[in-house]
Structures are given as C-alpha cells and as structure tokens.
Amino acid sequence: MKPFAYVRAGSLAEAADAYAAHPGARYLGGGTNLVDLMKLGVEQPSALIDVTRIPMDEVTVLPDGSVRVGALVRNSDLAAHPRIRESYPALSQALLAGASGQLRNAATTGGNLLQRTRCPYFQDVSKPCNKRAPGSGCGALEGVHRDHAVLGYSEQCVATHPSDMAVALAALDAEVELYGLAGVRRVHAAEFHRLPGDRPELDTVIEPGELVTGVVLPAATAGLPSAYRKARDRASYAFALASVAAVLQVRDGVVAHAGIAFGALAHRPWRARKAEEALLGAAPTRAAFEHAVDLELSAARPLRDNAYKVPLARNVAVDVLTRLVPPGPPGDGPRVTHGEES
C-alpha cells in the first residue's frame, strides 16, 4: 500500500480545508470499500481525511415531514430505524439485502453511495480498465461480462454500480446533500451517479472536494407502498444480477404515483421513467405492469453473455409491482391480488 497522510477533521470546514491542502486526498468514513481498494492498489490517495468525528450520524424528521439521514448513519442502524421501516420499507429492505451484519455495522450512508464498481477488470491493476486508468481500454467489453450492464453503457465502460441502497433512494425520490467550499447543495438521488459516456472514471456528479453530508427522504413518498427485491447467484450476501425498487400508489382504481428503479443493469441506478409514465392513470393490472416494464427495457443492449438480465429484471419488476397493489374492498370486484390479473 502506498504511504499516505492522515488527517482527522472535527468539522465540515476542517474537512474541506484538509482536502484542499492535500491534492489526491480521499474522505474516510467506514472505509469498507475504500480500504479494500487501497490494498489492491486501485486507490492510492495522498491523504485520508477522517470525517468520523463530525456529527453526521443522526436520523432526523424535518418540519415538513421529510427525513434527513446523516452521512455517517450506519447501514444497520438505518435499516432498523422505526421511521424508515414504517415509512420507507424499500430502503430498509435494500439495506438488509446489501451485505452481512458485520459490514452493515461499519458501512455508512455516504460511503454506500460512493462505493465503486465490483467489475473484476477495475479491481485488477494488471488488466485494462478505462474507469481505473482512462485510455487503457475496457477489458470487460469483449471479456468476462456476465454481470455487466445492459442499459446506458458506452464503449468506454460496461460496469454496473453495486449499491442496493442507492436503487431504493432513486425510486423514493430522495436527494443527496453535499458540502464543499462553495457551500451546501442537493442533488436528486436518481441523478447523483453518472452514466459512463466518455468519462467512466467519474462515478458521480460530486465536484472536487465535496463531501456527502446526508440524504433527504421526501414526505411525498413517506408511507406509500414500496418494496425492494434483488436476484443474485446465491441466497447468502452477493451483489445483484438484477434488482428493483418500486413505489406505487393506487387511488380510485388507477395508478396515481409510480417510482421504479433498476439496479445492476447500468452504471448507475436506472430510474424507469418510461415505465412510470406508462403506468400513470392506468389500472394496476399485471398486463399494465408488463407493458410498462417492456417499454423501459426495450432500450436494453445486452452483451454476448448477459442477455439473461433482461427477462430476469422484467420478471422481478412485474412481481414487485403486482405485490404492491392493495386488495380491493369486499364487493369492489377483483383487480389484482398478488400479481394475478382478473
């Protein structure tokens, strides 16, 4: 491991100043991904700016009914928080599906968002990877890519983003709070991560020196039926082959709100805008869900070995959506119960 400086910041201002004073620095929270990448030689920061002493570890209900989650809230604590479990179940489910208890006890909200791809070409410094070494090529494009992207990729990079939590945040219309020398700003969770384009080394829209300070969950999606599900190679903790987070509100027999995001299909959580638009005002039937999801996935461009991801994502999404439909009152007539169209 390359030698590095270490700075423990006591405030956001101290953290930003320390970052500016050490070109090539990285912020350190739980370190569950960053430290591993340092051991592999993928990350070689000049300094680690430890932000764990900054008070960013609380879940706070704001006056407007939204919920602010500090960047240092541990994944275990967030998954178990009563307000999150009651009002945003998809987020709790995503966190519990994401890693073992030991990792959830260490991993932070901010760090979860900033974790980097698990593409083996990215993690192996002897292999070509435009994300790790721009201009070196993408080894996965014609190599081993069973787990890679089918949506939104470019010739420069076909990697996927590994976070489960980020997929739920995108579907729930959350915002990511950032602090930098220019002050505080918020970015929609669905827009926080980038598609690769010709700059795959840039994972997010964070400006140099900015620090994730929290996530804000809106009041508008609080309490709406929501769920997260992932398909993976084994029942124990593994990264998703395809995952879906969905929020669905049915009012007067039609879909009044739909928030859908796919995981493990793209370089970022994939917000399914076409599917959502198709569902608004439609009866919540299985046929409507199938049509909407098919519209979204029609843009998929599978690689040689990952075409299976398209029907897998379709089936998971349709099942999640149908299970979110509330049963009709007695005598109201059958609509959809647990995914069956009447």
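Reader: Which residues is His148 in contact with, leaving aside its neighbours within four places in sequence?

Author: This is a predicted model, where local features need pLDDT of at least 70, side-chain atom pairs count only at pLDDT 80 or more, and totals for chains, interfaces and linings use all residues. Residues are numbered from 1 along each chain as its sequence is written, and side-chain values use heavy atoms, with hydrogens and water left out. Contact means heavy atoms within 4.5 Å. On that basis His148 touches Cys119, Pro120, Ala140, Val158, Ala159, Thr160, Ala264, Leu303, Asn306 and Lys309.

Reader: Is His148 buried or exposed?

Author: His148 sits in the loop between α9 (139-142) and α10 (165-171); helices are DSSP runs of H or I with at least four residues, numbered from the N terminus. Buried means under 20% relative accessible area, exposed over 50%, partly exposed in between (1.4 Å probe, protein chains only). His148 has 5% relative accessibility, so this residue counts as buried.

Reader: Which residues lie nearest the centre of the largest cavity?

Author: A cavity is a set of points on a 1 Å grid over the protein atoms alone where a 1.4 Å probe fits but cannot get out; lining residues have an atom within 4 Å of a point. The largest cavity holds about 80 Å³ of space, the volume being that filled by probe spheres set on grid points joined across faces, edges and corners. It has 16 lining residues, and nearest its centre are Cys119, Cys129, Cys138, Cys157 and Ala159.

Reader: Which residues line the second largest cavity?

Author: This cavity has about 60 Å³ of space. Its lining consists of Gln115, Arg116, Thr117, Lys131, Thr160, His161, Pro162, Asp203 and His267.

Reader: Which residues are closest to the centre of the second largest pocket?

Author: A pocket is an open set of grid points with protein on both sides within 12 Å along at least five of seven lines. The second largest pocket has a volume of about 370 Å³. Of its 26 lining residues, the closest to the centre are Arg118, Asp147, Thr160, Phe239 and Ala240.

Reader: What radius of gyration does the protein chain have?

Author: The radius is taken over C-alpha atoms, and the globule rule is 2.2 Å times the number of residues to the power 0.38. For 342 residues, a compact globule would come near 20 Å. The protein chain agrees, with 20 Å.

Terms used. Helices (H or I, at least four residues) and strands (E, at least two) are DSSP runs, numbered from the N terminus.
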